[in-house]
Every structure is written in C-alpha cells, then in structure tokens.
Amino acid sequence: MAVPILKQGPFLIASIQAALTDTDVVRLQDDIMRQVGRFRSRGIVVDVTALDVMDSFVSRSLRGIAHMTRLRGAETVIVGIQPEVAFAMVQLGMNFEDVHTALDLEEGLAFLQEKLTAEPNAGGG
Amino acid sequence: MPVADSVRVAIASDSDVVTARQAAREMGAGLGFSSTDLTLLATAISEVARNITTYAGTGEVAVRVLRERGREGIEVVASDEGPGIADVELALQDGYTTGNGLGLGLPGARRLVDEFDLDTRPGAGTRVRLVKWRA
C-alpha cells in the first residue's frame with residue numbers, strides 16, 4: 001500500500017497507515033525523493049505511529065531517507081515511534097543516532113520550523 | 001474468538017513476511033503476551049523471514065503454541081532449502097552480512113527472543129528456531 005505524502009508549506013508529511021512491506025518502503029523512499037525535488041521542500045516528517053514493527057530493513061530505509069534528503073537540502077524527522085517498537089529497535093541493535101526523531105507530528109513540525117527559522121537565509125529575503 | 005494453535009505461512013515474497021509476523025502476534029495476543037513481547041517476537045520473525053526471501057527465495061515460517069511445565073510460549077521455525085550458511089559463528093556476529101543489509105538479522109533476532117537455535121549447512125538449507133515464553 002502506498003504511503004500518502006501531503007505537502008504543507010515548505011514541508012512534506014508522509015503518514016504511514018499500516019504495516020509496510022519492503023516494496024512499500026522502497027517506494028516511499030523514491031516518492032519522498034521525487035517530491036522533495038518537485039516541491040523544493042525544506043523538511044519531511046515521516047509519521048510511523050501506525051507501525052507495530054520496525055525491523056532492520058525498515059529502520060535502515062528510514063535512515064536512508066534521512067541521509068538522502070539531507071543531501072538534497074531537506075531535513076527529515078521521524079515521529080511516532082511506539083514505546084514497544086523503540087524497545088525492540090534497541091534490542092535489535094539498530095543505530096538511529098544520526099536521525100532526528102520527535103514524539104509526534106506536532107513536535108516534528110515544530111522542530112522543522114525551528115530549523116528553518118534558524119537558517120540565515122530564512123524566508124529567502 | 002479462538003485462535004489456532006499452529007499456523008504455517010509459506011514465504012515467497014515480502015508480503016508473506018508481514019503475514020507471518022502478524023500470525024504470531026495474533027497467537028501471542030491470544031495467550032496474553034504483553035504488547036512489548038509481541039513486538040519483540042514480531043520483529044524477530046521479520047528478521048528471520050526476510051533472510052528466507054533474501055537468501056533462499058522461498059521457504060516457510062511455522063508458528064505454534066508451546067505448553068510445558070505450566071508455562072506457555074510461542075515457537076517459530078523458519079526453514080528454507082536455500083544455500084545454507086557456511087560459517088554460523090560469523091553469521092551470528094553483529095554487522096556481518098553477505099547481503100547488503102546491516103548484519104543485524106540473526107544476531108538481532110537472537111537478542112529479541114528467549115531461545116534461539118540455528119541449524120544450517122552449506123547446500124542443505126537453513127532452519128532457525130525461536131521461542132518466546134509468556135512473561
């Protein structure tokens with residue numbers, strides 16, 4: 001199932017709705033990269049609240065999204081990692097240290113907004 | 001609604017991986033597993049079932065309820081007739097992979113469950129057995 005991606009001002013919001021197959025994850029990666037270019041987005045929120053499992057493949061792919069979008073000038077923040085999922089990721093040995101995370105969508109958007117405002121060329125003059 | 005005591009899921013594509021872990025989650029919920037333990041088990045299944053699609057192509061995940069000495073658990077056997085693993089010790093080390101993953105699959109899955117057995121030989125397939133007991 002494709003993950004819907006909404007444009008909200010300078011940001012994109014990808015809300016995962018249900019369990020993702022590996023194919024869905026790869027497609028999400030491609031879709032986000034395409035939309036970042038199309039809308040010249042400055043930030044992306046990926047909402048994983050609905051995920052009951054984040055195994056090594058999903059985690060690696062989300063980290064990949066964060067790294068790739070950064071190279072395109074957009075910050076990604078992963079929001080809504082459930083407590084049990086966080087526990088499992090740590091046990092699994094997933095390293096998520098270089099990825100921005102926030103509690104929920106609201107916190108994630110606030111984080112991106114803050115980043116954007118802090119930039120010296122914010123607003124484009 | 002009663003849940004079956006055993007389920008076999010044929011693994012041939014990535015959506016079967018999701019089916020297998022959801023079957024175990026349902027079974028575990030029926031036994032009264034905590035949601036943390038359900039998530040740990042489902043994540044471990046995801047790792048071993050993905051190894052089937054990545055390295056063997058096809059295989060099977062069999063999930064069943066275990067009852068012994070007054071305790072209940074779930075046993076998962078992921079088996080395939082793929083190439084097998086030449087160096088088991090190496091395959092169980094964090095970060096080692098012959099694929100393009102992170103090398104967390106087997107060692108990670110082992111940390112998520114209570115019992116873990118790996119039976120494999122080059123050319124003779126791979127069988128991974130996981131058990132999670134209800135806390």
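Residues are numbered from 1 along each chain as its sequence is written, while chains are lettered from A and ligands numbered from 1 in the order in which they are written. As the model is predicted, local features need pLDDT of at least 70 and side-chain atom pairs count only at pLDDT 80 or more, though totals for chains, interfaces and linings use all residues.

Chain A comes with 4 helices and 5 strands (DSSP runs numbered from the N terminus, with helices being H or I of at least four residues and strands E of at least two). Read from the N terminus, the elements go β-β-α-β-α-β-α-β-α. A compact globule of 125 residues would have a radius of gyration near 14 Å, and chain A agrees, at 14 Å; the radius is taken over C-alpha atoms, and the globule rule is 2.2 Å times the number of residues to the power 0.38. The C-alpha trace of chain A spans about 45 × 25 × 25 Å along its principal axes. Of the 125 residues in chain A, 37% are buried. Here, buried takes 20 or more other C-beta atoms within 10 Å of a residue's own, exposed takes 12 or fewer, and partly exposed is in between, with C-beta atoms placed from the backbone. Among the contacts in chain A with a separation of 6 or more, 74% link residues 24 or more positions apart (a contact being two C-beta atoms, placed from the backbone, within 7 Å).

Now for the meeting of the chains. On the chain A side 18 residues are in contact with 21 residues of chain B. The elements giving two or more residues to that side of chain A are α1 (22-39), α2 (56-71) and α3 (83-92), and α3(A) gives the most, with 6 residues. Sorted by class, the side of chain A that touches chain B has 8 nonpolar, 5 polar and 5 charged residues; Ala, Val, Leu, Ile, Met, Phe, Trp, Tyr, Cys and Pro count as nonpolar, Asp, Glu, Lys and Arg as charged, and the others, Gly among them, as polar.

Chain B has an open, antiparallel sheet of 5 strands in the order β1-β2-β3-β5-β4, where pairing takes at least two DSSP bridges between two strands. β1 (6-11) and β4 (115-120) of chain B sit at the edges with a single partner strand each, so one side of each has no neighbour in the sheet. β4(B) is joined to the antiparallel β5 (residues 126-133) of chain B by 6 bridges, and Glu115(B) stands opposite Val131(B) in β5(B).

Helix α4 (residues 105-112) of chain B buries Gly105(B), Leu106(B), Gly108(B), Ala109(B) and Leu112(B). Down the axis of α4(B), the buried residues fall within an arc of 165 degrees, so they line one face of the helix; the arc is that of the directions from the helix axis to the C-beta atoms. These buried residues pack against α2 and α3 of chain A, together with α2 (35-56), α3 (88-91), β4 and β5 of chain B.

Most residues other than glycine have a negative phi. Arg40(A), in the loop between α1 and β3 (43-47) of chain A, has a positive phi near 50 degrees, and Arg69(B), in the loop between β2 (59-68) and β3 (71-80) of chain B, has a positive phi near 45 degrees. Arg40(A) is exposed, with 11 other C-beta atoms within 10 Å, and Arg69(B) counts as exposed with 4 C-beta neighbours inside 10 Å.
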